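Here's a quick briefing on one structure, grouped by topic. Have the sequence and the model open as you read.

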Amino acid sequence: MRHIISILVENEPGALSRVVDLFAARAYNIETLTVAPTEDPSLSRMTIVSKGSDDVIEQITKHLNRLIDVVKVVDLVEHPYIERELMLIKVRAVGKEREEMKRMADIFRGRIIDVTEKTYTIELTGDSRKCDAFIEALDSESILETVRTGSSGISRGDRILKV
């Protein structure tokens, strides 16, 4: 099962390394990882997407809570949450492909953010399934380059991740 683990850590050198090392030492895979400072400059928020059974994720959470830099850990999928990912994708756009690429970007509510004679760069925001669906909808020959941020997530409603 796919889990989105949100972690508050002290914004200190080495904090990211210790979290990643914990996953590597136990052979847990990190599918995506995003990190950025929070509204409190002494804290950063990590969002890690990983697959595993509930037991495996529980073990990961317990190990994370033991790390000195970790302030709080939450598995977002336990409650309603919102997930978003940003994708930039450069596609071939020559001749009649140009209209088709514009149409595809519109269908997926993407924005064309760069135009050259032969390419479009499209910005797409949504959950990871939406980004995957957009890639699948395109002819693989037309995709020149793809960059994805990885998932970020936040609990819905009154639930917050704060000290």
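Predicted model: local features only at pLDDT ≥ 70, side-chain atom pairs only at ≥ 80, totals over all residues.

Residues are numbered from 1 along each chain as its sequence is written, and side-chain values use heavy atoms, with hydrogens and water left out.

**Strand 7 and its partners**

- Strands here are DSSP E runs of at least two residues, helices are H or I runs of at least four, and both are numbered from the N terminus.
- Strand 5 (residues 81–92) runs antiparallel to strand 7, with eight bridges joining them; two strands count as paired if DSSP finds at least two bridges between them.
- On the strand 6 (residues 111–115) side, four bridges make the link to strand 7, again antiparallel.
- In that pairing Ile112 is the residue opposite Ile122 in strand 7, and a hairpin of three residues joins strand 6 to strand 7.
- Six of the eight residues of strand 7 (residues 119–126) are buried, so the strand is largely enclosed by the rest of the structure. Buried means under 20% relative accessible area, exposed means over 50%, and partly exposed is in between (1.4 Å probe, protein chains only).

**Helix 2**

- Helix 2 has 13 residues and reaches 19 Å from first C-alpha to last, close to the 18 Å expected at 1.5 Å a residue; the expected span is 1.5 Å times one less than the number of residues.
- Its buried residues include Ile57, Ile60 and Leu64. Looking down the axis, the buried residues of helix 2 fall within an arc of 165 degrees, so they line one face of the helix; the arc is that of the directions from the helix axis to the C-beta atoms.
- Which elements does that buried set pack against? The partners are strand 1 (2–10), helix 1 (15–25) and strand 4 (70–75).
- Turned away from the buried side, the other face of helix 2 carries the exposed residues Asp55 and Arg66.
- His63 belongs to helix 2 (residues 54–66) and is buried at 16% relative accessible area. Leaving aside neighbours within four places in sequence, His63 is in contact (heavy atoms within 4.5 Å) with Leu22 and Arg26.

**Salt bridges**

- A search of the whole structure turns up eleven salt bridges, each being a side-chain nitrogen of Lys or Arg within 4 Å of a carboxyl oxygen of Asp or Glu.
- Glu39 and Lys162 form one of them, at 3.9 Å from N to O. This pair links distant parts of the chain, 123 residues apart: Glu39 is in the loop between strand 2 (32–37) and strand 3 (43–51), and Lys162 is in the segment after strand 9 (152–155).
- Glu39 is exposed at 64% relative accessibility, while Lys162 is partly exposed at 46%.
- Glu100 and Arg103 also pair up, with their closest N and O atoms 3.1 Å apart. Both lie in helix 3 (residues 97–107), three residues apart, or about one turn of the helix.
- Arg148 bridges to Asp132, with closest N and O atoms 2.8 Å apart.
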